[in-house]
Amino acid sequence: MAYSDKVLDHYNNPRNVGSLDKSSQDVGTGIVGAPECGDVMKLQIQVEGDRIVDAKFKTFGCGSAIASSSLATEWIRGKTLDEAMAITNTEIVQELSLPPVKIHCSVLAEDAIKAAVSDFKTKNDSESGS
Amino acid sequence: MKTPIYLDYQATTPCDPRVFEAMAPYFTEIYGNAASRSHAYGWSAETAVDEARRQCAALIGAHEKEIVFTSGSTEALNLAMKGVVEMYASKGKHIVTSLAEHKAVLDTAKHLEKQGCEVTYLAPGPDGRHSIEQIEGALRDDTIMVAIMWANNEIGVLQPVREIGRLCKERGILFLCDGTQAAGKIPVDVEADGVDLLCVSAHKIYGPKGVGFLYVRRKNPRVRLVAQMDGGGHERGMRSGTLNVPGIVGLGKAAEVAREDLEKDAAHSLAMRERFEKRVFAALDHVHINGDEDERLPGCSNLSFAYVEGESLIMGIKDLAVSSGSACTSASLEPSHVLQSMGVGDELAHSSIRFGFGRFTTEDEVDFAADQVIAAVSKLRELSPLYEMVQEGVDLSTVNWTGH
C-alpha cells in the first residue's frame, strides 16, 4: 500500500512520543482501541488553566494510526480544551491523505483526544467536588 | 547487497538459471505441440515432456505415468478434490481436511459442500499439527478422502504424513496431500509415505510460474478421477489442454535440480533460518515462533512480535520482502486463518511475519534482515502503549479495552 509522504514522515519521525505522569492532577489520559483490533492509542495531555501545554502519545497500530496520533499531539499542543475537542477526524484524514480503509485510524485519534480531555475533566471535577 | 532482500520463498522462488536455460529453446526453436504425432516438431516436444515427466516422478518416488501436468497446485487440488468426489460419489460423500489448509483446498471443499458433499474441518493443535488420533476420530464409513497438506505455507509446520498415509490405507480412504511447500525441500516418497494424490508447483521449487503437476496413484489403489477440463483428452484424459512445453521442461529441470541438491538446499535454508532466529532472539524479548519449533520446513520462520502491530512492522522493514500473517495490507483486517485455527490470539496474529529462506539467501542478507527487524521492533515498542504497560507489570488481558 502506498502511504502519503506525510504519513511516512510521521511514521519515521513521530512527534511527541512518550508518557506523562498519569497520576498527576494536571494530566489527562485517553486510551482507546483494543489489541485484538490491531490499534491501541494512548494520548496524554498536560493542562494549565484550560490550555494544553504538552501532549504525548504512544500507539500500537499501523502506520496511519501512528501518524494520526502523532499529528493529533502536534495539533492540540497550545490549544484550549474546547479547541482540542473541536478537532474532527475528517481534518486528520485530509491532512494525512488517508485512504478510505484507514479512516478508522483518524476516528481513533479523535476519540483519543476526547478521552484524554474527558479524563482530565473528570479528575478535576471530582477533586474539586470532594 | 540488492534491496529489498527477498525473504518470501514460501510465496514464490526465483527461477534457477539452470532451469531458465533448459526452457529457453522450447520457446523459439523446439516449439512443436507435444500432441502433434505427424512431424519432428511434435516428436521433439513430446520427448522433452516425457523427460520432464520422469524428472517429476523421480522427485517424489512415483512412476512417470502417474504425473498429470497442470497449471500449478491450485488446479491440481481442484482436479483431485472435485475429480475424486465425482468419481467416488457412489462410495461416499465425506471428506476430512484441516482448517489450516491453503485456500485452494478450503474453497474447493466449500464448493463441494454446496453440491452435497460433507466436509469435516479439523483444527490443528497450538503447535499447528494434527494428531493421527484426531484424524482417525473424524473418519466415517462414508469418508472417501482425507486432504491434509505436507507442510503449511504460512508457518511451515509439517504434518505426520506417513502415519496419515498408513491410516488411510488401512481404511481404504484416499489420501490427498498438498505437497506444494514440501516437495523439493524435504524428502517426499509417495510409496513410503502412502500418499495417493499429491500436487507440486514449479515456481515453489525454483521453476517457472503457471505450471505444476498432480500425482495420481496408479496401483494399490488405482485412483480414478473425473476430468474437470474437457477437450482433446491430453494427460490420459485427466486434463485436456495443449501442454505448456517450455513450462513443463522448466518444471522437470527444477524437479531434477531440487532432487539432486535436496540435502544441500535443506542444510543451507536451515542454517540461514537458525542464523536469523539466533540473532533476533538474542536482541528481542517477547518473540514467538508460530508453529512447532522442530517439525517445520527448514527455510520457514513465522514469528510474532508481541506488542507491535504487523503493518507498521512491515513499514519499518521496508528493505525486506516478507509476508505478514495478517491480511491488513490487503485492506481487510482479518488475521491469518492458519494462525486463528491454531488458537493464536488476534494480537499475536496481527504482529506475525513470515520470513522465508532459500537456495539463494546469503549470510549477509540474513544479518542485514535480522538487524532491520531488531531496529524496527525496538522502535515500535518504544511507541507501543502495550509494551509500556507490560513493562509496568500490567496484565493486558485484564484491561477493559474500548473496541471499535
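This passage describes the two chains of a predicted model, their elements and the contact between them. Local features are given where pLDDT is at least 70 and side-chain atom pairs only at pLDDT 80 or more, whereas totals for chains, interfaces and linings use all residues. Residues are numbered from 1 along each chain as its sequence is written, and chains are lettered from A and ligands numbered from 1 in the order in which they are written.

Chain A contains five helices and three strands; helices (H or I, at least four residues) and strands (E, at least two) are DSSP runs, numbered from the N terminus. Their order along the sequence is α-β-β-β-α-α-α-α. Chain A has a radius of gyration of 14 Å, close to the 14 Å that the globule rule gives for 130 residues, so it is as compact as a globular protein of that length. The radius of gyration is taken over C-alpha atoms, and the globule rule is 2.2 Å times the number of residues to the power 0.38. The C-alpha trace of chain A spans about 50 × 30 × 20 Å along its principal axes. Buried residues amount to 48% of the 130 residues of chain A; a residue is buried if 20 or more other C-beta atoms lie within 10 Å of its own, exposed if 12 or fewer, and partly exposed in between, with C-beta atoms placed from the backbone.

Chain B holds 15 helices and 13 strands. Its radius of gyration is 22 Å, close to the 22 Å from the globule rule for 404 residues, so chain B is as compact as a globular protein of that length. A box of roughly 75 × 55 × 35 Å along the principal axes is filled by the C-alpha atoms of chain B. Of the 404 residues in chain B, 52% are buried.

Seven strands of chain B form an open sheet in the order β2-β8-β7-β6-β5-β3-β4, with mixed pairing; two strands pair if DSSP finds at least two bridges between them. Strands β2 (67-70) and β4 (118-122) of chain B are the edges, each pairing on one side only. From one strand to the next, the twist averages 20 degrees. Axes are lines fitted to C-alpha atoms, for helices over the stretch in contact, and angles run from 0 to 180 degrees between N-to-C directions. Within the sheet, strands β5 (residues 143-147) and β6 (residues 174-178) of chain B pair in the parallel sense over three bridges, and B:Val146 stands opposite B:Phe175 in β6(B). Helix α4 (residues 73-87) of chain B packs on the sheet and touches β2, β5, β6, β7 (197-201) and β8 (212-216) of chain B. The direction of α4 makes about 160 degrees with that of β7(B).

Helix α9 (residues 245-260) of chain B has 16 residues and reaches 22 Å from its first C-alpha to its last, close to the 22 Å expected at 1.5 Å a residue; the expected span is 1.5 Å times one less than the number of residues. Because 14 of its 16 residues are buried, α9(B) is largely enclosed by the rest of the structure.

Between the chains, 24 residues of chain B are in contact with 25 residues of chain A, contact being C-beta atoms, placed from the backbone, within 7 Å. On the side of chain B that touches chain A, the elements giving two or more residues are α11 (310-316), α13 (346-350), α14 (363-383) and α15 (385-391) of chain B.

Conventions:
Contact = placed C-beta atoms within 7 Å.
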